[in-house]
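Okay, thanks everyone, let's get going. Have a look at the sequence and the model while I talk.

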Amino acid sequence: MPNTDSLPWLQRLPPALLALGAQIMALLAVATAAIVLRESAGLPLPAWIALAGLAAALVSRWLALPGWWQLINLTFVPLLWLTLQSAIDPVWFLAGFALLAVTSLGAIRGRVPLYLSSPRAATALAARLPKHAHLLDLGCGLGGPLARLSTLRPDARLDGVEAAPLNWLIARLRLSGRARIRLGNLWDTDLSGHDLVYAYLSPAAMPRLWQKASSEMRPGSQLISNTFAIPGVAPDEVVELNDLSHARLLIWRMR
Ligand SMILES: C[S@@+](CC[C@H](N)C(=O)[O-])C[C@H]1O[C@@H](n2cnc3c(N)ncnc32)[C@H](O)[C@@H]1O
């Protein structure tokens, strides 16, 4: 099956853009077939809708998109059609979109969505933090780990940076007086002043994070990633959290 190995420029495009391209190609193909064959094929509208979903999934597969993108494209047009049959006020869709935009700006640009560390992650971080250390949560989300750390380790200096405005606001209000929460881009944040940098990001961010940490973090400081590994760089230690998501902390001591 052809895939993006034979078309290297495709590999450089964000998967969301490829998925959109697959959806448009499939819709155009099925709409053209529907117009040309409408009389002879004799298919009812729901069958054309199902075909559009199937075609989008096949194009996504041809583009070597991950399985969950294929599933999204398979169901997108059929679900859209079903939704249009219902009497839901469009304002709800606008509200849903606005909520996604203010909580997931990072996911759209940097492929890092919002999901939350379990309390066990913060407990394990608290146990590793040297006395009076300075910790930074890169992409601090709603501030959960920092809130727990501020209780467990009142001696520590805690910082967070967050790009999504609503997440930042929640973290900031929640941690007022306990941690410094900055609205901004983690890639513009200097890591040199921190003893421990915590990151719960996504596989897509890890190679760039390692480059940044290697060039900015001081010898002896620790980079700790929840769940996501750095390709080709073995961690110095792994701590199983035994939480519901089977998460683990991967720890690198900077040299
Ligand atoms: C997986 S969540 C982790 C949240 C929190 N650290 C925790 O462990 O509960 C990742 C967070 O990083 C934020 N994020 C993504 N890209 C970012 C960027 N470039 N700069 C700052 N924050 C970013 C997302 O908005 C999201 O809130």
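So, in what order do the seven strands of the open sheet run? The order is S3-S2-S1-S4-S5-S7-S6, and the pairing is mixed. Strands here are DSSP E runs of at least two residues, helices are H or I runs of at least four, both numbered from the N terminus, and two strands pair if DSSP finds at least two bridges between them. The edges are S3 (180-183) and S6 (237-240), each pairing on one side only.

Quick housekeeping: this is a predicted model, so local features need pLDDT of at least 70 and side-chain atom pairs pLDDT 80 or more, while totals for chains, interfaces and linings use all residues. Residues are numbered from 1 along each chain as its sequence is written, and side-chain values use heavy atoms, with hydrogens and water left out.

Back to the sheet. S4 (residues 196-199) and S5 (residues 222-226) run parallel, joined by four bridges; Ala 199 has Ser 225 in S5 as its bridge partner.

Now, the H3 helix, residues 45-62. Its 18 residues should span 26 Å at 1.5 Å a residue, and the end C-alpha atoms are 26 Å apart, so that agrees; the expected span is 1.5 Å times one less than the number of residues. After H3 comes Ala 64, with a positive phi near 60 degrees.

Last bit: the domain assignment, automatic or from a database, gives domain 1 (4-87) and domain 2 (119-253). Their C-alpha centres lie 39 Å apart.
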